[in-house]
Amino acid sequence: MTSFFDTIKIEDVTCPPDCFLCEEACFDRNRDKGCSGIRAIHLPELKSHTVKICNQCGEPACEENCPTGAIHKDPEDGVVRINE
């Protein structure tokens with residue numbers, strides 16, 4: 001089964017400055033989960049405009065290594081979430 005996260009392809013430095021449309025669209029689609037799997041990153045001082053996505057790993061190392069316990073994989077639906 002292919003999900004939205006499996007099909008998106010990110011090419012560095014191609015995003016328009018200050019654009020958050022993909023992040024907002026992902027949040028809207030996943031409103032019931034209360035999160036976006038996409039995070040727009042704009043660093044104009046470095047001339048970098050890109051996005052990062054969560055790969056929803058089967059065994060997320062970020063969960064194991066988070067010093068605050070803010071990252072967890074939901075045992076019911078398998079979604080990796082960050083409690084900001």
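Q: Is C62 buried, partly exposed or exposed?

A: In this predicted model, C62 is partly exposed, with a relative accessible area of 38%. C66 counts as buried, at 19% relative accessibility. A disulfide is a covalent bond between the sulfur atoms of two cysteines. The cysteine sulfur closest to that of C66 belongs to C62, and the distance of 7.9 Å is too far for a bond; the cut-off for a disulfide is within 2.5 Å. A search of the whole structure gives 0 disulfides.

Charged side chains do pair up: the count of salt bridges is 3. One of them joins E23 and R39, with 2.7 Å from N to O. E23 is in helix α2 (residues 21-29) and R39 is in strand β1 (residues 38-43), so this pair ties together parts that are 16 residues apart in sequence. E23 is buried, with a relative accessible area of 14%, whereas R39 is partly exposed at 39%.

R81 takes part in a salt bridge with D74, at 3.3 Å from N to O. R81 also meets D77 in a salt bridge, at 3.0 Å from N to O. Through these shared partners, D74, D77 and R81 form one network.

Terms used. Residues numbered from 1 in each chain as written. Predicted model: local features only at pLDDT ≥ 70, side-chain atom pairs only at ≥ 80, totals over all residues. Heavy atoms only, no water. Buried < 20%, exposed > 50% of the residue type's maximum accessible area, 1.4 Å probe, protein only. Salt bridge = Lys/Arg side-chain N within 4 Å of Asp/Glu carboxyl O. Helix = DSSP H or I, 4+ residues; strand = E, 2+ residues; numbered from the N terminus.
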